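Here is a briefing on one chain. Please look over the sequence and the model before reading the notes.

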Amino acid sequence: MTNTTNSTDQMPINDSTLTSFDYIIINANLATFSEQYGFDIYNDNQTNNQNKSIPYGQLENAAIGIKDGKIAWVGTHEQIKPHLTHYKNDQIKDVNGNWVTPGLIDCHTHIVYGGNRSNEFEARLQGASYQDIAAQGGGIVSTVSATRAANEEELFAQSEKRLLALIKEGVTSVEIKSGYGLDLETERKMLKVARALGDKHHIHVSTTYLAAHALPPEYKDNADDYIEQVCQWLPILHSEDLVDAVDGFCENIAFTAEQIKRVFDVARSLDLPVKLHSEQLSNIGASALVADYQGLSSDHLEHLAEDDIKKMAASNTVAVLLPGAFYTLRDTKLPPIEMLRKHQVPMAISTDCNPGTSPLTSLLLAMNMGCTLFYLTTEEVLAGTTVHAAQALGLANKGKIEVGCDADLALWDIARPADFAYQMGLNPIAGIMVQGKWRETV
Ligand SMILES: [Zn+2]
């Protein structure tokens, strides 16, 4: 046995196990993001050599056995080699030393929307102010109008292009929010389209109810009454199996913590997990609130304070960082990365794909921005699109290469994991597997 840096060679493996897989991947370098293989992003390697952390939880010259759509075994190439004769050629994939990661996870998107806002982008660059644009019916209201006007097929067709762009970069799970309907019928339409996208393209879609995103024009100056509607629609959409989690926009230009709390109370009564758009422009207590509800994630976080970080650490809430919005808004206030590290809050990275502040459909570019703009390490951004992104969606069986996890994998033509975040515009994807099956076209 050649590999002594991990636990694979201590697992009792008998020959019948090694000959019973549906499919095997051999000759692979793995970035497992599994603690079983030494992934421990907060261990500084200085104090305790016994538990030396291994960057990316990497395993070289490795192999994976897959059965019933799950990872059934992870070991060394040497272990599986004597058993290869038990398999037919089409059950073996020799990846010739390429890298395999968990399928990437984009844990915060608004990819379902009608129209786009390139006209506003153009007008702003020609000198129009946000007020000018708003006075002409622009901003979020224009996306709400276009989303309400589109029928389900049109909305599906427009959103599918964005989903395919994500999938082409190895994304096998994606979160999709509602929030451009702001009425029951259109919120339902958005969530139905999100589910249908996942069904057609055989990837995992987590749906999030975000009716508390903005105040619709018909409720102008009447936010409390609108929140009452949001609270009433939630059980209806939940009963139609359209809601996996509940989100809101807690900000001085959106809803107060008190208003969001009313929505969260309904979510709690339905056993639905919560998350929040928090501390993007100011701090009005959003992350503290989401931590009180043991939320899955708190997202944006440029204005996050250390007391909030301690609460997030205690409630196991993931910090979702969105460098695409930071970039588009030419923001200068960085999220408190060093304090998040100090308190060991897991950090995820996402595109925040939306028509206003982050028209970004490249998770690879978001990773590069995480390193370049937020000073994250290459290991942090990859963990942020795999294991920590899975945690942000409450998906215990995804985001890691480990026995028992779903066989959602991405194969990359790269020399080392840092290549993902280093390169801009080159997509090194070489294969995408979902639940043990390769996608025919990448
Ligand atoms: Zn967002």
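Helices (H or I, at least four residues) and strands (E, at least two) are DSSP runs, numbered from the N terminus. This is a predicted model: local features need pLDDT of at least 70, side-chain atom pairs count only at pLDDT 80 or more, and totals for chains, interfaces and linings use all residues. Residues are numbered from 1 along each chain as its sequence is written.

**Domains**
- The chain is divided into domain 1 (1–103 + 400–442) and domain 2 (104–392); the bounds come from an automatic or database domain assignment.
- Their C-alpha centres lie 31 Å apart.
- In domain 1, 22 residues are in contact with 23 residues of domain 2 (contact: C-beta atoms, placed from the backbone, within 7 Å).
- Strand S5 (99–102), helix H17 (419–422) and strand S15 (429–434) each supply at least two residues of the side of domain 1 that touches domain 2.
- S15 gives the largest share of that side, three residues.
- By class, the side of domain 1 that touches domain 2 has 17 nonpolar, three polar and two charged residues. Ala, Val, Leu, Ile, Met, Phe, Trp, Tyr, Cys and Pro count as nonpolar, Asp, Glu, Lys and Arg as charged, and the others, Gly among them, as polar.

**Helix H11**
- Asp-308, Ile-309, Lys-311 and Met-312 are buried in H11 (residues 306–315). A residue is buried if 20 or more other C-beta atoms, placed from the backbone, lie within 10 Å of its own, exposed if 12 or fewer, and partly exposed in between.
- These four cover an arc of only 160° around the axis, which puts them on the same side of H11; the arc is that of the directions from the helix axis to the C-beta atoms.
- The face turned away from the buried side carries the exposed residues Glu-306, Asp-307 and Ala-314.
- Cover for the buried residues includes helix H10 (286–292), strand S11 (297–300), strand S12 (318–321) and helix H13 (337–342).
- Asn-316 follows H11, and its phi is positive, near 60°.

**Helices H7 and H8**
- Leu-184, Glu-187, Arg-188 and Leu-191 in H7 meet Trp-233, Ile-236 and Leu-237 in H8.
- By class, this contact has five nonpolar, no polar and two charged residues.

**Leu-84**
- Leu-84 sits in the loop between helix H2 (77–80) and strand S4 (92–94).
- Leu-84 is partly exposed, with 17 other C-beta atoms within 10 Å.
- Leu-84 and Asn-116 are 32 residues apart in sequence and 52 Å apart in space, C-alpha to C-alpha.

How values were computed
Contact = placed C-beta atoms within 7 Å.
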